[in-house]
Amino acid sequence: MNSKLLSRTIYVMFAVYVVVWLTLGSVTCGSRAFIWTYFIVDVLICALSLTCGVLTFFAAPKVPAARSVVFILISLFLCAFTWFTFLTPECGLPPYLFSV
């Protein structure tokens, strides 16, 4: 695959993740369907960005190893952040995903 295409795809996925995260806080209806949709979208973005980050190691025009490692680390951070926000309980409250 082309390294420029992979890099742009990763940047777009990171931007979509941020936009989804910001819109999640502004949703006032608190419907379970919205929360589950946001969770599934976040998990898909994390999985795809991690996959694309690994593929940058094998891209046709070589991507610097530092950039590939940064892509993978940011993807892992997003995965951990998704886990923390949706699935971990806070101060004795149920996890956000199951609280509504």
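Helices (H or I, at least four residues) and strands (E, at least two) are DSSP runs, numbered from the N terminus. With that in hand, let us walk through the chain. This is a predicted model, in which local features need pLDDT of at least 70 and side-chain atom pairs count only at pLDDT 80 or more, while totals for chains, interfaces and linings use all residues. Residues are numbered from 1 along each chain as its sequence is written, and side-chain values use heavy atoms, with hydrogens and water left out.

The chain has four helices and zero strands, giving the pattern α-α-α-α when read along the sequence. Of its 100 residues, 32% are buried; buried means under 20% relative accessible area, exposed over 50%, and partly exposed in between (1.4 Å probe, protein chains only). Contact means heavy atoms within 4.5 Å. Among the contacts in the chain with a separation of 6 or more, 71% are between residues 24 or more positions apart.

Now to the inside. In soluble globular proteins, nonpolar side chains tend to be buried together. A nonpolar core is a set of buried Ala, Val, Leu, Ile, Met, Phe, Trp, Tyr and Cys residues joined through side-chain atoms within 4.5 Å. The largest one here has 12 residues: Leu-6, Ile-10, Met-13, Phe-14, Tyr-17, Ile-45, Cys-46, Cys-52, Ala-59, Val-63, Phe-71 and Leu-78. Helix H1 (3-26), helix H2 (32-55) and helix H3 (65-87) are the elements that give two or more residues to this core. H1 supplies the largest share, five residues. There is also a second, separate core of seven residues, including Val-20, Leu-24, Tyr-38 and Leu-97.

Tyr-17, leaving aside its neighbours within four places in sequence, is in contact with Asp-42, Ile-45, Cys-46, Leu-78, Phe-81 and Thr-82. Ile-45 is found in helix H2 and is buried, with a relative accessible area of 7%. With neighbours within four places in sequence again left aside, Ile-45 is in contact with Met-13, Val-16 and Tyr-17. Ile-45 and Val-16 are 29 residues apart along the chain, and their C-alpha atoms are separated by 8.1 Å.

Next, the aromatic rings. A pair of aromatic rings is described by the distance of the centres and the angle of the planes. Rings of Phe, Tyr and Trp (its six-membered ring) pair if their centres lie within 6.5 Å; planes under 30 degrees apart count as stacked, over 60 as edge-to-face and the rest as tilted. The structure holds six aromatic pairs. In one of them, the rings of Trp-21 and Phe-86 have their centres 6.5 Å apart and their planes at 80°, so the pair is edge-to-face. This pair links distant parts of the chain, with Trp-21 in helix H1 and Phe-86 in helix H3, 65 residues apart. Trp-21 is partly exposed at a relative accessible area of 30%, whereas Phe-86 is buried at 0%.

The rings of Phe-77 and Phe-81 have their centres 6.2 Å apart and their planes at 20°, so this pair is stacked. Both residues lie in helix H3, four residues apart, about one turn of the helix. Phe-77 counts as exposed at 53% relative accessibility, and Phe-81 is partly exposed at 26%. Ring pairs link Trp-21, Trp-36, Phe-39, Phe-77, Phe-81 and Phe-86 into a cluster.

Finally, the surface. Accessible areas come from the Shrake-Rupley method with a 1.4 Å probe; for residues, only the protein chains shown count as cover. The chain exposes about 6,200 Å², and carbon and sulfur atoms supply 78% of it. A nonpolar patch of about 620 Å² is made by Val-54, Leu-55, Phe-57, Phe-58, Val-69, Leu-73 and Leu-76. H3 gives the most to the nonpolar patch, with three residues. Leu-73 is in helix H3 and is exposed, with a relative accessible area of 51%.

Notes:
Patch = residues over 30% accessible without salt bridge, like charges linked within 9 Å, V, L, I, M, F, W, Y side chains within 5 Å. Salt bridge = Lys/Arg side-chain N within 4 Å of Asp/Glu carboxyl O.
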